[in-house]
Structure formats: C-alpha cells, structure tokens
Amino acid sequence: ASALAIPVYASDSINPPKAVNSSSPDNDAARLWLQNRIVQTPQVKAASAQKNSRALWSQAATQPLYNPELQTRLEQEGSNNNYALEISQKIDWWNQREARSQQQLLLQQQAEQQYQQSLQQTTADALAAIVRYQSAQQRDQLMQRLQQQQQTLTQLIQQRRRLGDLSALDAELALLAQSSLLADIAASQAELSAAAAQLSSLLPDWQQQPQYLSALIQQLDNSAQQLPAQPLNNVQLKQLALSHPQSESARLFWLAEQQRAQLSRDSLRAEPTIGISAGRSGEEDVLGLALSLPLNVRSSYRQAAAAANGETLQAEAEFYASLQQQQQQLRASHSRVLAYRRQVEQWHALMPDGGQRSAQLLQQQWSNGDLSTSAYIQASAQWAASLQAGIELTGDYRQAQIQWLSDSQTIRSFLSAANTNSQNAATGSNRRISE
C-alpha cells in the first residue's frame, strides 16, 4: 500500500513567491537575454525602423524650405542677340520652416514613444507566454502523475480483490476514474503544445536557456512584492498615466497636429518671390529686379486650414480619452492584482504543504479500510482539483502582475540598463508635463 502514495506535485511551484535579489548575476543575465530576444522580434524591428525614419524626416525638416531658381533667356531681335540670366528665390516670409521642423521633431518623439511601447508590450507578451508555459507544464505533469497514481490504484485493487478484500465494483470504479483522466491529459498536453509554440514565436531559443525562464519568473514575483497595498489616489493615477508611452504618444501627436494646423494657416498668406536678372539687349546692358506674389483667388485653401484645425481638436480629444482610459486601466489592474494576491494567500493558508498532508491522510484511511474505494476516488479527485486550482490561481495572479507592470511601466526593470537612459528622459519630460 505504500506504493499508492499520492504524488505531492511540485509544491515549490505554487508556494508563495519569495523575494529575491533583482540585481543578482542570474537575473541580470536573464534580463539581458530577454532584451536581446525582444529587440529581434518583427514588431520591435518595425517600430525601430519607423523611429529611424522619423529621425531622418526631422533632419530633413531643418533644411531651407525653398531652393533658388535659375532661369536663362536668349532671343534674336533683328541683328542683335539678346540674352538674360535670372536668379529668383521664394522667401519663407512666415517662417514655415520652423513650424515644419517642430512638427517633425514632435513626430520623431512620438515614434520614440511608440518604440518604447512596442518594447514594453512585447516584453509583457513574452513574460505572459513564459507564465502560460510554466502553468501548462505544471498542469501536464500533475495529470501524468495522477494517471500513474490511478494505474497503481487499479493494480492494488486487483491484488486486494484476489485476496477477497475488495469487490469487483471497486475495480470497476478504479477503471472509470482512470479513463476519466484521459480527456484531461489530452487537454493538458494540447495546452502545453500551444503554450510552447507561443513562447517559441517570441523567444525562439528558450529551450537552450531554460534557467532564464525561472529567473524571470522569480523577478516577476519579486516585483509583485513591491506593489503598494493601498488603493492609488487620483494624483498617482494621473502621474502614472502621463508617463505611459501610449499617453505620451497621443500627447505628442496632438502637439504635432497643432503645428500642422499652423502650417495650413500660413498657407493662406502669400509669400513673395524675389528675382534679379542681368543680361544684354542690343548694345545695352540690362539689369532687372522682379517681385511676384501669388493671388489666392481661385482657391483660398481655407477649407484645408479648417480641416486641419478640426483634426487638431480630434487629436486633443483622443489624448484626453487615452489618458482617462489609462488611469482606469491602472486602477483596474492594481485592484485585480490585490484581489488575486488575497486569493493566493488564502489558498496557501488552506494548503500550506501543497496538499501533502491531505494526500497522506487519504492513503492511510483507504489502506486501513476506514475509507471506501468510491469515497477514496472521489476525495482524490477533489484533492487533484484543489492542486489544479492552485496552479491556475498562481498563473492568473502572475498574469495580473504582468498587466500591472505593463500599465505602470515597472516592466522596464526587465530591460537592460542600455534602454534606461531614453526611458529616464521620457519620464523627465512627463514629469514637467504633470507639473
């Protein structure tokens, strides 16, 4: 009967997370490995290419708006050959180059924020895939061990039946319990394969560095310990929302739209073109000065300017909507993490040893004949369901942690120090905004 011991499955994996040193060599290597893989993902590469493109557009916008024009004229008047050479230059009278330069600079900064958002979101997706894979692996291992236990139980029942200790009904109940696990085993294996495929799409070489997955999970649990237990006030919510790349990107786009509207208004005003010419007409030298102004009589461009103003108002409304949405998302994710934390703590209070004591008690009661086979099978199923609930609860808790880290930007701690400088610059800009 000692061979019937119900396996106490991976109690360490669902124990309360312990604080670890986030600056340990293993954690530093895991963070560096994670960032090197994140920057190679297609979505981050696309955001990086957009950022570089915007930087070039910003440099181009600092150049003069108009180039000079060179014109030549040659004509024959009787026996005289007349010629003239003219250079003209359109004047940026209303300093549109400055507005265009400011617009492109704001769009460049927006592209930088979008790049940071892509980095953080991809990091969150990778951590979520790691947590999903770990939970699926734990669930699959539990199913496999339960199947082994059911097979052992069936063998012991058959032995006791030959001794006349148990009836044929007990053997049938054991077979039914064993067959009922098949669907759960198939589902756990399917989920494990799907989780591994998702993880491979983000971290292709994760199987070569499995220790990094555990280190990242430890750092995730350690970050959750720093979560404030008290609800966030409105000032804290606003500061966190303003510092988020999504809100900052919307704000920068709004400012860029303001510059575009200014350019549209400047296009309503005429800009002069000044030219100077020199040549020869007959036997005399000719020197000329030209001035031209466009006449906006056929099209005043007022509709385009009004449309640009309307799009500026739209961008402003979208910024405030994004800011409000981000604040509510922060409030919800903070509350969700605290709720899961309470449930995880209650689960561990009910099963402090991971179900080991309950498993031993069930085995002893059945071996002594104090518990019928049907009751033992039913109690074993409840015990297994409790362990599955612990695995799922821990996985959901970590997923909620990842969402909070992403919303509050604490997920930046999973990126290397090389990415911290640009993040600090953005944070300083956001702090000035909030002030």
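**Briefing: contacts, core, surface patch and salt bridges**

Among contacts (heavy atoms within 4.5 Å) in the protein chain between residues at least 6 apart in sequence, 83% join residues at least 24 apart. This is a predicted model, in which local features need pLDDT of at least 70 and side-chain atom pairs count only at pLDDT 80 or more, while totals for chains, interfaces and linings use all residues. Residues are numbered from 1 along each chain as its sequence is written, and side-chain values use heavy atoms, with hydrogens and water left out.

**Overall make-up**

- The protein chain has eleven helices and four strands; these are DSSP runs numbered from the N terminus, with helices (H or I) of at least four residues and strands (E) of at least two.
- Of the 435 residues in the protein chain, 41% are buried. Buried means under 20% relative accessible area, exposed means over 50%, and partly exposed lies in between (1.4 Å probe, protein chains only).
- Accessible areas come from the Shrake-Rupley method with a 1.4 Å probe; for residues, only the protein chains shown count as cover.

**Nonpolar core**

- The largest nonpolar core holds 75 residues, and Leu34 and Leu203 have the most contacts inside it. Such a core is a set of buried Ala, Val, Leu, Ile, Met, Phe, Trp, Tyr and Cys residues joined through side-chain atoms within 4.5 Å.
- Helix H3 (residues 96-162) gives the largest share of this core, 17 residues.
- Beyond its neighbours within four places in sequence, leucine 203 is in contact with Trp33, Leu34, Arg37, Ala126 and Ile130.

**Nonpolar surface patch**

- Leu70, Leu85, Ile87, Ile274, Ile276, Leu287, Leu289 and Leu291 make a nonpolar surface patch of about 880 Å². Strands E2 (80-90), E3 (273-281) and E4 (284-292) are the elements that give two or more residues to the patch.
- Patch residues have over 30% relative accessible area and no salt bridge; nonpolar side chains (Val, Leu, Ile, Met, Phe, Trp, Tyr) are joined within 5 Å, and like charges within 9 Å.
- E4 supplies the largest share of the nonpolar patch, three residues.
- Leucine 291 lies in strand E4 and counts as exposed because its relative accessibility is 64%.

**Salt bridges**

- The whole structure contains 13 salt bridges, each a side-chain nitrogen of Lys or Arg within 4 Å of a carboxyl oxygen of Asp or Glu.
- Aspartate 28 pairs with arginine 31, the closest N and O atoms being 2.2 Å apart. The two are three residues apart in helix H1 (residues 25-38), so they are separated by about one helical turn.
- Aspartate 28 is partly exposed at 32% relative accessible area, whereas arginine 31 is buried at 13%.
- Glutamate 75 and arginine 73 form a salt bridge (3.4 Å, N to O). Glutamate 75 is partly exposed at 38%, and arginine 73 is partly exposed at 45%.
- Glutamate 248 and arginine 251 also form a salt bridge (3.0 Å, N to O), and both residues are buried. They lie three residues apart in helix H7, which means a separation of about one helical turn.

**Serine 247 in helix H7**

- Serine 247 lies in helix H7 (residues 245-266) and is buried, with a relative accessible area of 1%.
- Leaving aside neighbours within four places in sequence, serine 247 is in contact with Ala241, Phe319, Ser322, Leu323 and Gln326.
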